[in-house]
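Welcome, and please open your viewer for a short walk through the inside of this protein.

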Amino acid sequence: MFDRNLTFFSLIALPVSTAVPHAASAQAIAAQDAAPTPQSASQDTDPGDLQDIVVTGQRTQSGRARPAGPGEYELTSLDWPDVLPGTNPLALVKNLPGVSFTSTDAYGLDLSDAFLFVRGYRANELALSFEGIPLGDGSYGSVTGNSVLSVGVPDTLGSIKVAPGSVRVSTFSNTADGGELRYALADPKQRPDASLSLAYGSNNTVVTSASLNSGELGANGPRILIGAQRVFKDKYTGAGTQFMIRGNVKVVQDVPWGDVTVFFSAARARIWGYNNTSFDMLEKLGWNGTDILFPDYAYAYRINLPENANKSCGAYTCGELAALRPYDTGQNTVDMVGNIAHRFDITSDLSGRVAFYGASNVTNIAISDVSTPSATGAPFSNQVWQPRSRRFGGTAELSYSAGRHTLSAGVWVERASSTSELNWYSEPLLGQGAPLKTVGPYDVYGPAFQTRNSSRWRTRSFQAYLQDAFRITDAATLTVGFKSVDFTTAGGGVGPDEAPNGSLTARSAFLPHVSLDWRPDSATTMFLDIGSTMIGYRVSPRGNIGPVSSAWAADDQATFQAALPNLKPEKNWNFTVGAYRRLGAFRINLDAYYGIVQNRLLNASTGPQFNPIRTVGIVPRSTIIGTDITVSADLLRGVTLSQSLSLSRFRYDSDLAFPGGVLRLAGRNQPGYPGTSLTTQLTAKRGRFDTGMISTIYANQPFTYSNDIHVPTYWMVNAYASYRLPDVSGIPDTSVRLDINNLLNRNNIGSTGIGGFSASGDYQTFMRAAPRQLLLTVTSSF
């Protein structure tokens, strides 16, 4: 249970709010309440959009106030006021009820340290897309997708559509166990404008962002939106820097029958990482004593020498300390994503959309390996995990309106090729050259002297859907549909060390989805949402140091083959029921959900972080049950208070069966997911001044599969204050903002399960959260 004092302080002493930095008047609230009704949708709106949370930067009222469809909400960019500029886009939805987000660094730039859960499902278990492009599995070291961190510029986002319950049948994905997050850039504007933002803060952080709208070029010409962002900062502990640059362009050309949109995004990152930590390390080395040893190469060299292995290095022997605290770790990545889409109207009732896309990812994840000496004679080497992926696909959809019915159908095809291998590169002898950098280059002292787990895969994805949105009355809409899926991955080890190789298919002809949305008046909403999903088998190689559970992560071909008879595609059912009611200045939003997870594949992890050993097996059945309640109130003119409470449990109903044994999991809860989330929010606006505070508590979070260890209660308080300078002729509209992340400077455990979870006992698989961080931002619009 979480600390009683924390609860009281969150509820009473520090009520803080992400909901409404610009508090609305009663008239504005009423207008917002009345807006998202089924009959108010435009004629060319996809009926499935009524089942989404819409996050748009153009609104002035928090969308957390009312569901926009069955089991979902309509948000604005004001729902993430405590998110620092340049932060991982996963954080933009963290203040939704039922959502938990943690990261080691306040910006979440390290792919390994940003973890999102939505009603028990991780980010790589949701359907993520950007500008209609399915992102696939974008988790740490993924070989089948792109991380949303490396796609687009957050400052140019126009909407995020989030369905936390069950993914729509019209959303194309081979990873969706639960809901969905669909990111889209703002549409280019008719008139030109530009903005420039510069931020400076703790740890020499500099965030520079710029956007440009061309306006319409010529008579009936294209409109262009360009965005760019550069983030550079020092780590908050130890040494090393984190650098990321990303940019995007979106071009829209109107034509008499619709429009054509071209989108392209590119990103590059060079990230020094933080070391994985265990509870034993925290106890013996202290809160600030567990990070990597970089740049002290001489010390790392000495403690790694075989003759020093049994000598004392403080709380551990030198050999133990060398394994726990590597010299260096980090990553460099390059992502490119783009598409061309055509929206067309054949008649006033018949419309459609076709799109073609491509995406690529190049990743190098490095960590010092004390178990493998360098070819130069240095006592350790640099192990580099090098996954690569390329994906090409297309979608086609049609929508037809006939009276009270809107019929829609669509198809998605994707082909993906991916590779992965582990390479070992030599470090220099002490005093005979500069040590390798974790972000590269790696071949300074020759090519890789050892290669293992070379693997190649090809993945084929197919999905088709049919849906009918039936407007029963002006107040009620029933949506019924189903999808068919066929996901096949073939390949695996191709090297002489024979990493697992084989083919796995997930196929289902009928996965239904039913939802009912009833809005009897402008102050009331009730909804029901039921859906079934199936995912493809997740792909990650033997020896990977990420959190993805995969059959190909087995130790050898024999283990892989032994697991095959018991493996079945994961299939899920998700049920949500809820209601919303406005009572004067108060708004109450309540939902309850239940999920059935069948055939979940798990890898229980043991061994050091640079050489993990994983079992392969499935849990035949698990269940998710939970409830979210949010109460918001306009206390005074310009002052809004909101309190949300989420209670959730992801419980294994069966044991984990793997070749040669059984891990007793029945009755245990999923590790890494908090059972209790409490968010208290307060915002105030007075003229040109905005301020707010946000308090988030995560409690009851198991650390292992057996639940014998729990993560201490996480409590994060963020605050911000913004002032818009008075208008002066000839001077751009300018605002100044101060953000404080972790206001109380509390020592929190951040992300857990970075290297997977152990069956029981302590394991080096979590990272700390950042201490207090300040950021001052100046933004000018032209």
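For sorting residues on this tour, Ala, Val, Leu, Ile, Met, Phe, Trp, Tyr, Cys and Pro count as nonpolar, Asp, Glu, Lys and Arg as charged, and the others, Gly among them, as polar. Keep in mind as you click that this is a predicted model.

**Stop 1: the second largest cavity**

Select Leu90, Ala114, Ala123, Gly138 and Ser139. The space here is the second largest cavity, with about 290 Å³. It has 21 lining residues, and the five you selected, Leu90, Ala114, Ala123, Gly138 and Ser139, are the closest to its centre. Now colour β4 (114-118) and β8 (136-137), the elements that each give two or more residues to this lining. Strand β4 supplies the largest share, three residues. Colour the lining by class and you will find twelve nonpolar, seven polar and two charged residues.

**Stop 2: the largest cavity**

How many cavities of 30 Å³ or more does the structure hold? There are twelve. The largest of them has a volume of about 380 Å³. To find the largest cavity, select Glu125, Arg538, Ser549, Leu601 and Leu602, which lie nearest its centre among 29 lining residues. Next, highlight strand β29 (residues 586-602): four residues of the lining come from here, the largest share. By class, the lining of the largest cavity divides into twelve nonpolar, ten polar and seven charged residues.

**Stop 3: helix α4**

Move on to helix α4, residues 297-304, and show its side chains. Which residues of α4 are buried? They are Tyr297, Ala300, Tyr301, Ile303 and Asn304. A reminder that helps with the view: an α-helix has 3.6 residues a turn, so residues three or four places apart point the same way.

**Stop 4: the disulfide**

Stay in this part of the chain and select cysteine 313 and cysteine 318. These two cysteines form a disulfide, with 1.9 Å between their sulfur atoms, and the structure holds one disulfide. Look along the S-S bond of cysteine 313 and cysteine 318: its torsion is about 80 degrees, so the disulfide is right-handed.

Are these cysteines buried or exposed? The cut-off for buried is under 20% relative accessible area. Cysteine 313 has 18% relative accessibility and therefore counts as buried. Cysteine 318, at 5% relative accessibility, counts as buried too.

How values were computed: Residues are numbered from 1 along each chain as its sequence is written. This is a predicted model: local features need pLDDT of at least 70, side-chain atom pairs count only at pLDDT 80 or more; totals for chains, interfaces and linings use all residues. Side-chain values use heavy atoms; hydrogens and water are left out. On a 1 Å grid over the protein atoms alone, a cavity is a set of points where a 1.4 Å probe fits but cannot get out, and a pocket is an open set with protein on both sides within 12 Å along at least five of seven lines; lining residues have an atom within 4 Å of a point. Grid points are joined across faces, edges and corners, and a volume is the space filled by probe spheres set on the points. Buried means under 20% relative accessible area, exposed over 50%, partly exposed in between (1.4 Å probe, protein chains only). A disulfide is a pair of cysteine sulfur atoms within 2.5 Å.
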